[in-house]
Amino acid sequence: MPNPCVADRAVAVVGSGPAGFYTAAALLALPDPLIRVDLYERLPTPWGLVRAGVAPDHPKIKSISAQFTRTAGHERFRWLGNVEVGIDITREELLARYDAVVYCVGSPADRVLGIPGEDLPGTAAARDFVGWYNGHPDFRALTFDLAVRRAVVIGNGNVALDVARILSTPPDRLAATDIADHALEALRGSRIDDVLVIGRRGPAQASFTTPELRELADLTGADVVVDPRQLGPIGDDEHLPHGPRHNLEVLRRYATADHASSDRRITLRFLTSPVEIRGEGHVDSIVLGRNTLIDNGDGTTQAVDTGEREVVSAGLVLRAVGYRGVPILGVPFDARAGIVPNRDGRVEGGDREYVAGWIKRGPTGIIGTNGQCAADTVRTIVADLAAQPGPSRTPDPDSIETWLRQRQPELVDLEGWAAIDAAERRAGEPLGRPRVKLSTWDELLATARTVHV
Ligand code: FAD
């Protein structure tokens, strides 16, 4: 690993997803003080959810990784992979070695529904399914029974649409993407031809973004079915903000489309909540409750149960109702909100500690949102550094590497990641795919190791 050049200050950034890379780039761009950035990552691979969350059939969105790769080439930057802060090394050890520590660890856990049957085999969090089809090594050992006809996806955000799309797209189309091989193989054997996506509120409250809603039919080739009675009179749309108004335009097009074209369908149903998941040893049905929307009088609305029930057969139930942050040992944490409490990115109750990205704001916003979020946090860091003049705490960058290799002998550096990246791309090339992902810890670490033999 080459020695980074001399700098005035040193900052540890923890987590190399979009927030971590945007934070690193903003710190490195400062003319004064000159900051050296060490970016820690628990996986042997960088880019966070850009690699492990963004759907494989969205390659343009993943191309943001080229910008992160340029940041990684900076002479004052190091990437230190396969090091989990809170497990392999502690917060206190980082604080002893850096002028500031920025946590950009995202929201890796999932929200639960709290309904009976949620733990039945055949039910899972979308997070697990997404991690599985994207080749995240933590989810490699999961299996999903796709030999069923109907899947129900609970949630009305873009993750619900991603999951519905992957379940409904002909595998030959997915074969041109970087979807994990084990997922592609399982999807080739899938019998799912009916995906029902439910949301507890109305179509105007759904948090889908319009391009994702619009592409649903094109990318899958499936019929997208919307009951026009759910949409209300067209005149009502005029009062809506831009996003929901455009969503309604798309939903109206789906509602009037001819549905004889495909052998697969995706049905979007609103004002519907899951009440109970049923089955003997495996999901076989889900009880749905019908809601009505009431106006709270303050510009917000609320879904209220009407008491009406319907039992729908289903062999797979995926809940896409949100992600959640998890605490890092010793770092303050707001368990209710699932974030690290902070003011302008400065951790409340922390010591030279900061946050950016989903762990700062909660799991909302697209990749770009984290750029502004990181810039705001870096402004706070700069102000705090100016208030504590003096030499950097970091005596010698080499000593950090020596210490890290003692703590994690399988440290993966940028060269190790380059070996993984090259191996994946090489495997993809003859197949016309961007890459074939390595998706077990063993494969990833063995490939990273090849640079040091
Ligand atoms: P993350 O991307 O989650 O990165 C956090 C990183 O921290 C990870 O690499 C993790 O391994 C690492 N980490 C965690 N804990 C530790 C630790 N203790 N020590 C060291 N490292 C740690 N946005 C779009 O613009 N377009 C899309 O198409 C899109 N699709 C999405 C699909 C899904 C399924 C999801 C969940 C999100 C999607 N998003 C999309 C949103 C986008 O991915 C997020 O806005 C963004 O990734 C959040 O960035 P982050 O850096 O805060 O978190």
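Helix axes here are lines fitted to C-alpha atoms over the stretch in contact, with angles taken between N-to-C directions. In this predicted model, helix α15 (residues 414-428) packs against helix α16 (residues 441-449) with the axes 7 Å apart and an angle of about 110°. Angles from 65 to 115 degrees count as roughly perpendicular, and α15 and α16 are therefore roughly perpendicular to each other. The crossing of α15 past α16 is right-handed. On the α15 side, G416, A419, I420, A423 and E424 make the contact, and α16 puts in L444, T447 and A448. By type, the residues of this contact come out as five nonpolar, two polar and one charged.

Turning to the aromatics, the count comes to 10 aromatic pairs. Take Y40 and Y98: their ring centres sit 6.2 Å apart with the planes at 90°, so this pair is edge-to-face. Y40 belongs to strand β2 (residues 35-41) and Y98 to the loop between α5 (91-97) and β4 (100-103), so the pair ties together parts 58 residues apart in sequence. Both tyrosines, Y40 and Y98, are buried. W47 and W417 are also edge-to-face, because their ring centres are 5.2 Å apart and their planes are at 80°. This pair links W47, in the loop between β2 and α2 (49-52), to W417 in helix α15, 370 residues apart. W47 and W417 are both buried. Elsewhere, F21, Y22, F68 and F77 make up one aromatic cluster.

As for V312, this residue is found in strand β13 (residues 301-313). With a relative accessible area of 7%, V312 is buried. Leaving aside residues up to four places away in sequence, V312 touches R150, L196, S285, I286 and L288.

Note on methods
Residues are numbered from 1 along each chain as its sequence is written. This is a predicted model: local features need pLDDT of at least 70, side-chain atom pairs count only at pLDDT 80 or more; totals for chains, interfaces and linings use all residues. Side-chain values use heavy atoms; hydrogens and water are left out. Helices (H or I, at least four residues) and strands (E, at least two) are DSSP runs, numbered from the N terminus. Buried means under 20% relative accessible area, exposed over 50%, partly exposed in between (1.4 Å probe, protein chains only). Contact means heavy atoms within 4.5 Å. Axes are lines fitted to C-alpha atoms, for helices over the stretch in contact, and angles run from 0 to 180 degrees between N-to-C directions. Angles under 35 degrees count as roughly parallel, over 145 as roughly antiparallel, 65 to 115 as roughly perpendicular and the rest as oblique. A crossing is left-handed if the near helix is turned anticlockwise from the far one by less than a right angle, and right-handed if clockwise. Ala, Val, Leu, Ile, Met, Phe, Trp, Tyr, Cys and Pro count as nonpolar, Asp, Glu, Lys and Arg as charged, and the others, Gly among them, as polar. Rings of Phe, Tyr and Trp (its six-membered ring) pair if their centres lie within 6.5 Å; planes under 30 degrees apart count as stacked, over 60 as edge-to-face and the rest as tilted.
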